[in-house]
Amino acid sequence: MNTSNKLLNPRSSKKSFHRFYDINGWGFVLPAVALVAVFMIYPIISSLWMSLHSGRGIIVEFVGFGNVIRLFNDPVFIKALSNTFIFLLVQVPIMIFLSLMLSSCLNSPNLKYRSLFRLAIFLPCVTSLVAYSILFKSMFSFEGAANSFLMWIGLITDPIPWLSDPFWAKVTIIIAITWRWMGYNMIFFLSAMQNIDKSIYEAARIEGVSSIKQFFFITVPLLKPVILFTTVMSTIGTLQLFDEVMNITGGGPANETLTLSMYIYNLSFKFVPNFGYAATVSYVIVFFAAILALLQFRIAKDK
Amino acid sequence: MNQHKLTRIGMYVFLTFMSILSLFPFYWMLVSSTNTTTDINQGKITFGDQLWINITKLSEQVDLTLIFWNTSKIAILSTIFTLLVASMAGYGFEIYKSKNRDRVYGVLLLTMMIPFAALMIPLFTLMAKAQLLDTHLAVILPTIASVFIVFYFRQCTKAFPGELIDAARVDGVKEWKIYFYVYMPVMKTTYAAAFIIVFMASWNAFLWPLIVLQSADLKTINLVLSSLSSAYFPDFGVIMVGTVAATIPTLAVFFLMQKQFVAGMSGSVK
């Protein structure tokens, strides 16, 4: 385009057109670049500097790697880290598997009410994180809808302490996140499945391969890149889990559902603020997110 | 053949079951907004007659008009400025290609990997230094710096016919006018998809507004709902009216723009 424009405008020499082109280019990208520099690049660097300091409120002193050492001796941090990992190691695979099953059902030929099913399953991801968290909090209260239903069908005889038991509180959070994001991931799988050649399934059907085998030996291997993409995205999302935990359990009972993000929030805004130490904890998330991003980059390259 | 039929039935059962699970919380939300908190806590799943009472109680506790005005103001301003800034950048990076700008673009893409959890404290101290804490501007500004939307616009600009720009240049149209009068109208669908992504994210935002906004008269609907439900004995009947009200705008945007919604989502994987 560069050369064609130069020809179109014979009065301008090559050099002045180049300058004109360059000034306009910078002009258009400048607002975005400036905003990212101020609100992302500067903060992430200043947070690295903060993480080398410690103290309460405005009285801070330089501690170097003191905060990192403190991390390893902080039982609450260890708790938050292990909770976060339990959430993502259990929730992400369950959700990805369910989304895959759903999308392969929705993709099967001659399915009736296809768009109706798709709409119903996608609808949860239109709700705000706070709104749906409150819904789950009320449904999973001790005598709430979830327990009434399970007792009515006879699956349990005594109500489950969904929100007050360390184990069940985690289960509630996992159910809630899965509900919210299942349909979201399903859309990615559905659009990827549209690119799979239908004749593969045709051939498998003629050979007498069952639908379940078709799912595991045709659909899943062919969707591998998208599955990896959504897995990495969901993992990065769960790594930052905050809204749900804050609004469903408040991190309780006794920090049993506390996540890294919530711990950072507590350190900075709930307790006497220690921004230096909180920044150090936040770099733990950066560290894991970077590993995941790198993994994704490698996968994208292999593709 | 028999087995084939069986798996088909299984499929319908599975899809129906999952659909009911997905829709039930919506039903629960509507039903609960018409019940008393005592009924809700006992799992009542039929409609009651408390809707009006719940609405009155909620409006006694919070200034609903003000809260909705705050939420819409933040969401709409964030969306407009994000679309403008990001589409300008996407246009600039793609139409005026240069090596140096591509290097800058590479840095921008890298920042996409930074999790928000790592930004919230330095952003908070930055806003404190700028004396912007407890203002709507502080909520809006970091939202506008959305690299993902820049990326989205650049990807979509790749399909923009460059001949249109050449033709406009021959006619002597100024560069910024080409962007406003040629590029913008042609890219309508891209703007629509980006609008949905940004508007939804902004309307549903929680953590950043929670950190920045302190005054009661500046709060957004999510902050109000969250603080109401964190009471020791949350008044769920009243809160449910609020969640219904908070969900209606996003549901409306979704149903009005369903096509662009899905297009925008799958466009983001490209």
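Two residues are taken to be in contact if their C-beta atoms, placed from the backbone, lie within 7 Å. Helices (H or I, at least four residues) are DSSP runs, numbered from the N terminus. With these two terms in hand, the model can be explored helix by helix.

The structure is a predicted model, in which local features need pLDDT of at least 70 and side-chain atom pairs count only at pLDDT 80 or more, while totals for chains, interfaces and linings use all residues. Residues are numbered from 1 along each chain as its sequence is written, and chains are lettered from A and ligands numbered from 1 in the order in which they are written.

Leu164(B), Ile165(B) and Ala168(B) in α9(B) meet Ile178(B), Val182(B) and Val186(B) in α10(B). By class, this contact of α9(B) with α10(B) has six nonpolar, no polar and no charged residues; here Ala, Val, Leu, Ile, Met, Phe, Trp, Tyr, Cys and Pro count as nonpolar, Asp, Glu, Lys and Arg as charged, and the others, Gly among them, as polar. Two packed helices are described by the angle between their axes and the distance between the axes. Axes are lines fitted to C-alpha atoms, for helices over the stretch in contact, and angles run from 0 to 180 degrees between N-to-C directions. Helix α9 (residues 162-170) and helix α10 (residues 175-186) of chain B have axes 11 Å apart, at an angle of about 150°. That makes α9(B) roughly antiparallel to α10(B), since angles under 35 degrees count as roughly parallel, over 145 as roughly antiparallel, 65 to 115 as roughly perpendicular and the rest as oblique. The crossing of α9(B) and α10(B) is right-handed (a crossing is left-handed if the near helix is turned anticlockwise from the far one by less than a right angle, and right-handed if clockwise).

One residue of this pair, Val186(B), also reaches beyond it. Val186(B) touches both Phe160(B) and Leu164(B), leaving aside residues up to four places away in sequence. From C-alpha to C-alpha, Val186(B) and Phe160(B) are 8.0 Å apart in space and 26 residues apart in sequence. Val186(B) is partly exposed, with 14 other C-beta atoms within 10 Å; a residue is buried if 20 or more other C-beta atoms lie within 10 Å of its own, exposed if 12 or fewer, and partly exposed in between.

A second pair in chain B joins helix α8 (residues 147-157) and helix α11 (residues 188-204), whose axes come within 11 Å and cross at roughly 165°. α8(B) and α11(B) are therefore roughly antiparallel to each other, and their crossing is right-handed. On one side of the contact are Ile149(B), Tyr152(B), Phe153(B) and Cys156(B) of α8(B), and on the other Thr190(B), Ala194(B) and Val198(B) of α11(B). Six of these residues are nonpolar, one is polar and none is charged.

Where do the two chains touch? In total, 77 residues of chain B are in contact with 79 residues of chain A. Helix α1 (residues 2-32) of chain B supplies the largest share of the chain B side, 14 residues. That side has 51 nonpolar, 22 polar and four charged residues. Between the chains, the axes of helix α2 (residues 14-50) of chain A and helix α5 (residues 99-111) of chain B come within 11 Å and cross at roughly 30°. That makes α2(A) roughly parallel to α5(B), and the crossing of α2(A) and α5(B) is left-handed. Residues in this contact include Val29(A) and Val36(A) of α2(A), and Val104(B) and Leu108(B) of α5(B). Ala32(A) touches Val85(B), Ala86(B), Met88(B), Ala89(B) and Val150(B), not counting residues up to four places away in sequence.

The largest nonpolar core has 151 residues, and Ala32(A), Val36(A), Ala89(B) and Val150(B) are among those with the most contacts inside it. Such a core is a set of buried Ala, Val, Leu, Ile, Met, Phe, Trp, Tyr and Cys residues joined through C-beta atoms within 7 Å. Eleven of the eleven residues of helix α6 (residues 129-139) of chain A are buried, so α6(A) is largely enclosed by the rest of the structure.

Two residues of chain A stand out by their backbone angles. Tyr113(A), found in the loop between α4 (75-106) and α5 (114-122), has a positive phi near 55° and is not a glycine. Ala254(A), in the loop between α12 (243-248) and α13 (260-270), has a positive phi of about 50° and is likewise not a glycine.
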